[in-house]
Amino acid sequence: MALLIFSKTNGYRHESIVAGVEALLELAAQQGLRAEASEDALCFAPEYLAQFQAVVWLSANGNVLDAEQRAAFQAFVLGGGGYAGIHAASAAEPDWPWYAELVGARFTRHPEHQPARLIVEDRQHPATAHLGEQWLRRDEWYEFDRNPRPRVTVLIAVDERSYRGGSMGDHPLVWCHELGLGRSFYSALGHSADDYKEPGFLRHLAGGITWAARAPLR
């Protein structure tokens, strides 16, 4: 089993990407998965993608693939490959409608970085099974162009009463769904480098990534 960790940006770049790549490579090793990190879009070729079970988009941002690379990645997912999007991945490929369908919703804005209370809606999924009913965290609390709930399984939502600046009302932050034969997991969490040192957050990512890759969680 193998993972491709992709973090190319074209526009804003999160400082946490370096820490995130390092943490995900270590996490993959702990899960018995071979992992490769790259910011080269040439990886999105059919013969190259074929060696991976899932691609992790770690705060990839802006338009980062050309038309042929988009077609190769779409075929990869629809044919059974996994996608795991972390944080700013929901701001990638803004003019590609299929990518929006894959992620579930597009990032639009966020208030200032601040603490809030998360509501864990599904405690059976590998990404959330280690959590209690609530999870107190500090992040940017992304808002989206649509509520993905009708099309996905929501795992975690944020309680907008617990912070300043929320405007979605019902506000999912972490979800998963299937598309074609593939699986898609998205977590809006992970803005800060310190997040990638936190065992509970890393367990959250490990559960989502292994689910997308159809690999057992160790």
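Is Arg-164 buried or exposed? I find Arg-164 exposed, with a relative accessible area of 54% (buried is under 20%, exposed over 50%, partly exposed in between, with a 1.4 Å probe and protein chains only).

A note on the source: this is a predicted model, where local features need pLDDT of at least 70, side-chain atom pairs count only at pLDDT 80 or more, and totals for chains, interfaces and linings use all residues. Residues are numbered from 1 along each chain as its sequence is written, and side-chain values use heavy atoms, with hydrogens and water left out.

Next I looked up the partner of Arg-164: its side chain meets that of Glu-112 in a salt bridge, 2.8 Å from N to O (a side-chain nitrogen of Lys or Arg within 4 Å of a carboxyl oxygen of Asp or Glu). Arg-164 sits in the loop between S9 and S10 and Glu-112 in the loop between S5 and strand S6 (114–120), so the pair ties together parts 52 residues apart in sequence. Strands are DSSP runs of E, at least two residues, numbered from the N terminus. Glu-112 is partly exposed at 40%.

I then checked Gly-165, which touches Arg-109, Pro-111 and Glu-143, leaving aside residues up to four places away in sequence (contact: heavy atoms within 4.5 Å). Two of these contacts pair up: Glu-143 forms a salt bridge with Arg-109, with the closest N and O atoms 3.1 Å apart. Glu-143 belongs to strand S8 and Arg-109 to strand S5, 34 residues apart. I noted Glu-143 as buried at 3% and Arg-109 as partly exposed at 36%.

Notes
Helices (H or I, at least four residues) and strands (E, at least two) are DSSP runs, numbered from the N terminus.
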